[in-house]
Amino acid sequence: MALNVSQKLIKDHLISGEMKPGNEIGLKIDQTLTQDATGTMVMLELEAMKLDRAKTEVSAQYVDHNIIQEDSKNPDDHLFLQSATKRFGLFYSRPGNGVSHPVHMQRLAIPGKTLLGSDSHTCANGCMGMLAMGAGGIDVAMAIAGEPIYIKMPQIWGIRLSGKLPDWVSAKDVILELLRRHDVKGGVGKIIEYYGPGLKDLSTMDRHVIANMGAELGATTTVFPSDDEVKRFLKSQNRDNDWVELLADKDAEYDIQEEIDLSELEPMIAKPSSPGNVVPVREVAGEPIYQSYIGSSANPGYRDFAIVAEMMKGRKVADGVSFDINPTSRQMLTDLVDDGYIGSLLTAGGRLHQAGCNGCIGMGQAPATGRNSLRTTPRNFPGRSGTREDSVFLCSPETAAASALTGKITDPRTLDMKYPKVKDPDHPTVDDALLNKPLPPEEAKKVELVKGPNIASIPEMDKLPDEMELPILLKMKDNISTDEILAGGARVLPYRSNLPEISKFTFEIIDETYYNRAMEIQKLGGHAIVGGFNYGQGSSREHAALAPRFLGLRVALVKDFARIHWQNLVNFGVLPLTFKNEADYDLLEEDDIIQLKNLRTQLKEGKELTLTLKEKEKEVRAVHTMSARQVDIMLKGGLINWERDRQH
């Protein structure tokens, strides 16, 4: 049977289940990736599991999100992470080394391997011919401990690329075009696999840009072949021996097929406040801007900065524009300095920031109130920038640079200049100095974990009750993101290892009264929330499930869920239900009381449950899509309890 690249990767790592779309499958994980906003909880979970040493081929902990040190909380946690990686046998990427996804790609990614990361943009490493997926932190902790990841077998969505990108159009415009066509739910339940003659002119970093924002489509992951271009990239990183060829078979088929003719694309832009709100740049040209932001894991390549620098040579950014330069790795920053590009950016008026995620996750560089910010980042969910009333557009480096020069949103094709031609260095800097290697096992056993005062243990989670009466504390619309459930940014993420404190920010963007109301009724048995389509889109941060659970959330009843958040809810014992009849959404209001009876038996015996609206004398039918294994996890109150019982 002819196989595509995705099927080959899955088949090579399949531990349980059948490769039929919708079936639960178990996959062996070769590599893991954690970052500091999620990794602190992962390390605490490894400690709770009493793990002796990582059982993966490679596991790496990156410090890239929480690198602003306005007080002791972040640096204290950096020391904790460093000690934990020494203790458990992980690589440790120190602050300033860069964003996890491009650094992992440069130093550790290997074609043909699986990668599970506690960051939704882990899928970026699909550019290397890997099966790279985002997941909640506890799933990654289990993988580090040698356990498989369980997912529903996705459909494989083959996208044939033909043609060649025209001048002023780049890889970011490819993924924005796909989001224009399909919006933020288009990839749910699917792996996106790119193939075709158009690949030959896309560099590995170009592919990274496209794979990264597959997360914004809701896709399980994105996969590219491992071809001669990946071989060239690994050779440039002095890693020739890590390359293996991985191509689709000649007669390979796909569950869904589509084509993009690269030569027909034009500059695209996502308007506030969704990555799926995409139009051609020309349709919004002329809107004044306050900020132009270059960098992030969604445009991390050398060319993404070099082409902007070429556009800036001999020119200045417009008055009143904040021109923010966010290098994505220390290696790349060194090359940009050596080649004079950083000098060009600074001379033009650029503000140079340290290598890391920075403003992409709301860690600095927040825009002014009511002003437009153009960013080459992957997301523009409400408030993600750090400014509550933000107006963030997503675009390519070319569009961001053109707009910085003019002070207004500008189609770069209208500039009076030739399209700059840049290419990656033939011999880029290769630097492992800030990527600490795992200690030998005997030395690792002697390491003590360094815990600052901000670290709090995860509280015990009780089993799922058989009967519950739950008031509905929130009723929400479609496409609620994890940034809206629990914000990122400099105010919130420093409390990532302190659940009681971080929970105070839960749902604040939607309803500032939620925390106090949840605390008031917590002792009475908890509460429920109601939502629309694509609930929980965006970040993989498990705090968006864990914090509401800490506040008493027992049931989330929605029209449908985003994949990672759904799994996080299961992992922490929050029952994820969908309406059997979507019209029943209109029957429910805040403060209605939902009654569930004989719940444990209902979950064991079938996929449907009956919920009674206590004061309206009406019933609502709901459906769950958990496997038998996940039902057992739910009954025990979550994955931690389930794993603890399994070990004993």
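Two strands count as paired if DSSP finds at least two bridges between them. The legends below apply this to a predicted model.

View 1. Strand S21 covers residues 468–475 and pairs with strand S25, residues 593–596, in the antiparallel sense. The pairing of S21 with S25 extends over 4 bridges.

**View 2. The open sheet of 6 strands.** The strand order is S7-S6-S3-S4-S5-S20, and the pairing is mixed. Strand S7 (131–134) and strand S20 (435–436) form the edges, each pairing on one side only. Inside the sheet, strand S3 (residues 31–35) runs parallel to strand S6 (residues 114–117), with 3 bridges between them. Gln-31 is placed opposite Leu-115 in S6.

**View 3. The open sheet of 4 strands.** This sheet has the order S11-S10-S9-S12, with parallel pairing. Its edge strands are S11 (221–223) and S12, and each pairs on one side only. On average, neighbouring strands are turned by 25° against each other, direction ignored. Strand S10 (residues 190–195) pairs with S11 in the parallel sense over 3 bridges. In this pair, Ile-192 stands opposite Thr-222 in S11.

View 4. Helix H6 (residues 171–182) lies across S9, S10 and S12. Relative to S12, H6 runs at about 130°.

**View 5. The salt bridge between Asp-249 and Lys-8.** In this pair the closest N and O atoms are 2.8 Å apart. Asp-249 lies in the loop between H8 and strand S12 (256–261), while Lys-8 belongs to helix H1 (residues 5–13), so the pair ties together parts that are 241 residues apart in sequence. For the whole structure, a search finds 47 salt bridges.

**View 6. The largest pocket and its lining.** The volume of the largest pocket is about 720 Å³. Of the 27 residues that line the pocket, those closest to its centre are Asp-201, Ser-203, Asp-206, Arg-303 and Val-422. Helix H8 (228–236) and helix H9 (302–312) are the elements that give two or more residues to the lining. H8 gives the most, with 3 residues. By class, the lining has 11 nonpolar, 4 polar and 12 charged residues.

Terms used
Residues numbered from 1 in each chain as written. Predicted model: local features only at pLDDT ≥ 70, side-chain atom pairs only at ≥ 80, totals over all residues. Heavy atoms only, no water. 1 Å grid on protein atoms, 1.4 Å probe; cavity = no way out; pocket = protein on both sides within 12 Å on 5 of 7 lines; lining within 4 Å. Points joined across faces, edges and corners; volume = space filled by probe spheres on them. Nonpolar A, V, L, I, M, F, W, Y, C, P; charged D, E, K, R; others polar. Salt bridge = Lys/Arg side-chain N within 4 Å of Asp/Glu carboxyl O. Axes fitted to C-alpha atoms, helices over the stretch in contact; angles between N-to-C directions. Contact = heavy atoms within 4.5 Å.
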